[in-house]
Structures are given as C-alpha cells and as structure tokens.
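Open the coordinates and keep the sequence at hand. The walk below goes from strands to a helix, with stops at loops and a pocket.

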Amino acid sequence: MIRDAQEVLRARLPDGWRAVFDEAEDARDDKGADARLQVSGPDGRAACLSVYSRRSLQPRGVLVLRAQLQDVPPDNPMVVAPYLSFSVRERLVEAGLGFVDLTGNVRVALSTPGLFIEASGADVNPERSARPSRSLRGDKAGRIVRALIDRKEPSGVRALAAVTGVNPGYVSRIVAMLDDQALIARSGRGRIVSVDWPRLLERWSQDAPLSSRGKPTMCLEPRGLAALTLRLGTSSLHYAVTGTLAVSGLAPVAAAHLAVVYVDNAHAAVSALDLRIAERGANVMLIEPGDDWVFTGSALRNGLSAVAISQAATDLLTSPGRGPAEAEALIAWMGENERAWRG
C-alpha cells in the first residue's frame, strides 16, 4: 500500500520534485510510524515526514492519531490508506495531517521546502464491502439525531430510547456509528458527554434530505405567500412551516419564494388554504411527513407554527435556491445562541 501511495504522490508532484518512501525497520519511530517519506525540491532542500498507514480510518481514529502525535510538528505526519472519506479528509486537514489515498485524494503542505498539493480522487469507497452499513436516513434515525441536537444535557442510550420511542438496540447502533464518525463523544462507560451538532446536522441532511421527509404536493397560491401565511395563521390545520418561513427574523434570510409546510393531510390543507395543485410555477410545497416527529418542538414564530430550529436548519441545507446559504447563516446564529434553542 505504501509503495502504491508513492506512485500516486509522484504523479502529482511538480517537475523537479522527488518523493521516496523508506519502509526499513529503522525508518520507524517511537510514535508508531510505518515508514518515512523524504520529499525533495529542485534546489536540493528536503523534508522528512513520518508515514502512518491505515487499512481503514474513521473520523474518531483521526482524533486518536492526532492526540498520539501531539508533540510532532503539524506538517510532519502523513496518513496513507486505500480510501479516505470526505469527513475523514476534513478531519485530517483540521488536525494538520497530510494524506494520500490510493484513489487519488492527496494533500501535502510543507513549509520547507515550500510545497502544497491538493488533489481529488474518489468520493465513494470503491470497495463495496468497506462502505458504511448504516446511515441516518429514516424516521427512527431522525428522531435520535433531533434528540441529540436539541438536548444539551448528556444522555445515555436508554434515556434516548425513552425520549424518542425507539428500540434501545437500534439507538445503541446509531450511537456507536456517530461515535465512530466523531460526531459525538462518549465517556468510558459509554454515556454521551458532547455532541458536535453542526457536523451532525450536516451529516443528517446528507443522509436524509428534505425530499426524503415525506410525500410532497406542489401547489400555487395565486395571491402570493402573504395570503398563505395569513390563512395559515387563522386555520385550524395541524401544520408546521419549515425552511425560510420558519426562521425569518432569526438569521439573515431572503424573502421566501417557496413555502414549505408539513401537514397531516395534504388534500385537506389544499382545500382549507384555497390552494391550486400546480407542478409548474408552484410557490407552496405541502409535505405529509412519514413521521409526526417533525412536529415535535414546534413553536409559534412570526404568527406561524414553525418546526424546531434544528429541523428547519437541516431542511434548508437541502432546499432549492438559496436554502443552503440560508442554512449556513442559521447555523451561525445557532452557534451564537445555543441557550435560545437547546434544552
């Protein structure tokens, strides 16, 4: 694997540069390095990097490796692996670790001699058997994620199961996966002590985008969204707005061009709100959610029943138009105002 990584790196070096791996026993060090890499420039100056090979690596493993190498200069270590996922590469960059994987993902940053290489390879593991077997898609996983994000108090598996109504065995498997991905941190006894909620929100939106939330019905409110919000505010429907309408006033968002509303019954909502079914030119999306949990934590905001802020944020991340940019602004607000939304 190290020799293959050498060829991947050599193919991306500028003219006149050389990279040579030394796998001899005396090339290893007391930090557990598997080899040494010497990178030399056209002027003869060279840098020697410690190489750590991994058959597989998860985000939690990056944190462990960085702690192990805390006394090593930040541009000195390099990780070599068959494949490194985007989340792992992101963690490696944050930790100041270089990397080469055999699909062509490369990052090398040296101060002396001055060299910076960043190249993209595969975004999906080519070995099917090595792909993660579990995701955050689905109603049960969504409940667990929301509970972890919204509750500031540390939780255990049984407490999460009780709050979400999800089987403790399933909760345990999801928690183990999140720990492996370094999206949560656990104590020695397994109790959750912290949650990296911004990253967890992003991961949840990737696995379970807005389109997976339930059955959509596209409609037109010919009088505009002001008329829709007025009717919603006085209706007896069981509903909750999400996306831009749910967070207006909390973070910098543009005027909504598409209202996204969770409803129990889309047919009844179309009638009560005097909407027209229209695939083209629609300005309202009604969603019958697969799970009523989307209504949990709803609150009155700007005269409308709005989903919990965490739900609105993840829905915006995969909404059309300016949704992702508005999600970034909302997440920044959430970071500055945790007391306002985390229980």
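Helices here are DSSP runs of H or I with at least four residues, strands are E runs of at least two, and both are numbered from the N terminus. With that in place, Asp-274 can be located: it sits in the loop between α10 (266-272) and β13 (276-277). This is a predicted model.

Stay at Asp-274 for a moment. Its phi is near 60 degrees, a positive value in a residue other than glycine. Most residues other than glycine have a negative phi.

Look for Ala-182 in the loop between α6 (168-180) and β8 (184-186). Here the relative accessible area is 6%, and because buried means under 20%, Ala-182 is buried.

One more backbone feature deserves a stop. The peptide bond from Thr-112 to Pro-113 is cis, with omega near -5 degrees. Most peptide bonds are trans. Pro-113 belongs to the loop between β6 (106-110) and β7 (115-119).

Now turn to strand β4, residues 77-81. How much of β4 is buried? Five of its five residues are, so the strand is largely enclosed by the rest of the structure. In a regular strand the side chains alternate between the two faces of the sheet. Both faces of β4 are covered. Pro-77, Val-79 and Ala-81 are buried on one side, and Met-78 and Val-80 are buried on the other.

β4 also has strand partners. Strand β3 (residues 46-53) pairs with β4 in the parallel sense, over four bridges. In that pairing, Val-51 stands opposite Met-78. Strand β5 (residues 98-101) runs parallel to β4 as well, joined by four bridges. Ala-81 has Asp-101 in β5 as its bridge partner.

Strand β10, residues 214-220, shows the antiparallel sense. Six bridges pair β10 with β14 in that sense. Cys-219 stands opposite Val-284 of β14. β10 also pairs with β13, antiparallel, over two bridges. There, Leu-220 is bridged to Arg-276 in β13.

Which residues of α8 are buried? They are Leu-225, Ala-227, Leu-228 and Leu-232. Viewed down the helix axis, the buried residues of α8 fall within an arc of 150 degrees, so they line one face of the helix. On the other side, Ala-226, Leu-230 and Thr-234 are exposed. What covers the buried residues of α8? The cover includes β11 (239-242), β12 (259-263), β14 (284-289) and β16 (304-306).

Finish at the second largest pocket. About 230 Å³ of space lies in it. Its lining has 16 residues, and the closest to the pocket centre are Thr-244, His-257, Leu-258, Pro-320 and Arg-322. By class, the lining of this pocket holds seven nonpolar, seven polar and two charged residues.

Methods:
Residues are numbered from 1 along each chain as its sequence is written. This is a predicted model: local features need pLDDT of at least 70, side-chain atom pairs count only at pLDDT 80 or more; totals for chains, interfaces and linings use all residues. Side-chain values use heavy atoms; hydrogens and water are left out. Buried means under 20% relative accessible area, exposed over 50%, partly exposed in between (1.4 Å probe, protein chains only). The arc is that of the directions from the helix axis to the C-beta atoms. Contact means heavy atoms within 4.5 Å. On a 1 Å grid over the protein atoms alone, a cavity is a set of points where a 1.4 Å probe fits but cannot get out, and a pocket is an open set with protein on both sides within 12 Å along at least five of seven lines; lining residues have an atom within 4 Å of a point. Grid points are joined across faces, edges and corners, and a volume is the space filled by probe spheres set on the points. Ala, Val, Leu, Ile, Met, Phe, Trp, Tyr, Cys and Pro count as nonpolar, Asp, Glu, Lys and Arg as charged, and the others, Gly among them, as polar. Two strands pair if DSSP finds at least two bridges between them.
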